[in-house]
Amino acid sequence: MTPPRSPAEWPGLDGAAERRFALFVVGDAGIEVRASLPDVRFADLDADRLAYAPARAMAAGTAVNLARCATGYFRRVGVLAKIGDDDYTDVIRRELRRIGADDHLRVEPGVPNGVSVMLRDRPRGDGPGVRLLVVQDEPPARRLTAEDVRAAAHGIEHANVLAIDGYALLSPVSRAALREAVRTARAAGTRVAFDLVPHDIDARLPVSDVLPMLEAADLVISEAHTLARLLGRPAPAGGNELRGLLPVLDRDVRNRPLWLLRFGATSLEQVLAYERGRLLMEYPTGYTPGVRRAGFGDRMAACELYWWLSAG
C-alpha cells in the first residue's frame, strides 16, 4: 500500500514535521574528499592540470550519508559499519553524534579508515557534469562480518526498517554479513529496504549474487538502467520502455517488493512505484537543473522510506 500523495509532496525533501519510526542502516563509513571543477572537463584533459575549486573532506559513506538525511525524518537512526583505527576514527564517530545517530560502529584494529575522492567536472549544458569517484580498494567495510551484525542485533530487532545496499555484496565476507542482517530483521518483523548500488553492479557481480537480496527485500530502490542490465534486459529509454520491464520483474524476482525505479535524463528526475501486477504511481522527485546533486539521492531515499512506512 502507498499513500495517495507522492513522497516529494509529502513529507517532502526537507524533513518530516513529526519524526517517527526507527531506521537501522548497514553500510559504509569513511572519509571522503569532494570537489567540483567548474572550469574543467575531464574529456578535454590531455596534460596535468592544477585547478582551484571548493573542496572539503568529510565523514561519508553509504551508511553515514543516508543517516545524515534520515535524522530529519526518523525518531531514531542507528548506523552499523566496519571502520578503521586511525586519526579519522573519532572524526567519523563525532559526525554520527553531531547528526544524532546511534553509533554501532565496529573498529578493525591496526588498519586505516577507507578514503574516497569524488570529483565532478564542469556541467554540460543543463546536466550535472561527469562524476569521478575513486574509492580505496579493500576498505574496512568489505570485512564487516556476520559476528559484527550479531553484536548489533538489538538495533535491527527494534527498528521499523533495516536499510542495506549493494556495496556489501562486493565481498564474500560482507555479503555474509548482509545475509545475517536480513535474517535478523526477518526474525524480528523488521522490514528490509535494499538500495541497488553501485550503479554498475551488473558488471561487477553475477545476477545470482544479487538476486537473493532483491528477493529478501520489502522495498527496492534502483536506477531503472541498473536493474534492467542486471536482469539481462536493454536499458529503458524512458517511462514507456520502463513499463515493459515490469513483467520481467514479476517473472524473474520471487517475492513482491515495492520497486522504486529511478529514471530520467540523469536517472534522478522521475520515479516509478510498482508492486507485482500494480503500477502504483509515477512521480517527479523534485530534482531539476540547478538543484545540488550531491546527497540528493539520500534525501530522496530517506523521504521515501518515511512515506512508505507511514502507509502502514
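1. The axes themselves are lines fitted to C-alpha atoms, for helices over the stretch in contact, and the angles run from 0 to 180 degrees between N-to-C directions.

2. Please keep in mind that this is a predicted model, in which local features need pLDDT of at least 70 and side-chain atom pairs count only at pLDDT 80 or more, while totals for chains, interfaces and linings use all residues. Residues are numbered from 1 along each chain as its sequence is written, and side-chain values use heavy atoms, with hydrogens and water left out.

3. Helix α1 (residues 62-70) packs with α10 at an angle of about 55°, their axes being 8 Å apart, and the two are therefore oblique to each other. The contact (heavy atoms within 4.5 Å) is made by Asn 65, Leu 66, Cys 69 and Ala 70 of α1 and by Asp 298, Arg 299, Ala 301 and Ala 302 of α10.

4. Helix α1 also meets helix α2 (residues 89-99), where the axes come within 9 Å and cross at roughly 20°, so that α1 and α2 are roughly parallel to each other. This crossing of α1 and α2 is left-handed, and its contact is made by Val 64, Ala 67 and Arg 68 of α1 together with Glu 95, Leu 96, Arg 98 and Ile 99 of α2.

5. The structure holds six aromatic pairs (rings of Phe, Tyr and Trp, the last by its six-membered ring, with centres within 6.5 Å; planes under 30 degrees apart count as stacked, over 60 as edge-to-face and the rest as tilted). The rings of Tyr 73 and Tyr 306 have centres 5.9 Å apart and planes at 50°, so this pair is tilted; it links Tyr 73, in the loop between α1 and β4 (74-80), with Tyr 306 in helix α10 (residues 296-310), 233 residues apart.

6. Phe 74 and Tyr 306 form an edge-to-face pair, 6.1 Å centre to centre with 85° between the planes, and Phe 74 lies in strand β4, 232 residues from Tyr 306. Phe 74 counts as buried at 1% relative accessibility, and Tyr 306 counts as buried at 3% (buried means under 20% relative accessible area, exposed over 50%, partly exposed in between, with a 1.4 Å probe and protein chains only).

7. Ring pairs link Trp 10, Phe 21, Tyr 73, Phe 74 and Tyr 306 into a cluster.

How values were computed:
Helix = DSSP H or I, 4+ residues; strand = E, 2+ residues; numbered from the N terminus. Parallel < 35°, antiparallel > 145°, perpendicular 65-115°, else oblique. Left-handed = near helix turned anticlockwise from the far one by under 90°.
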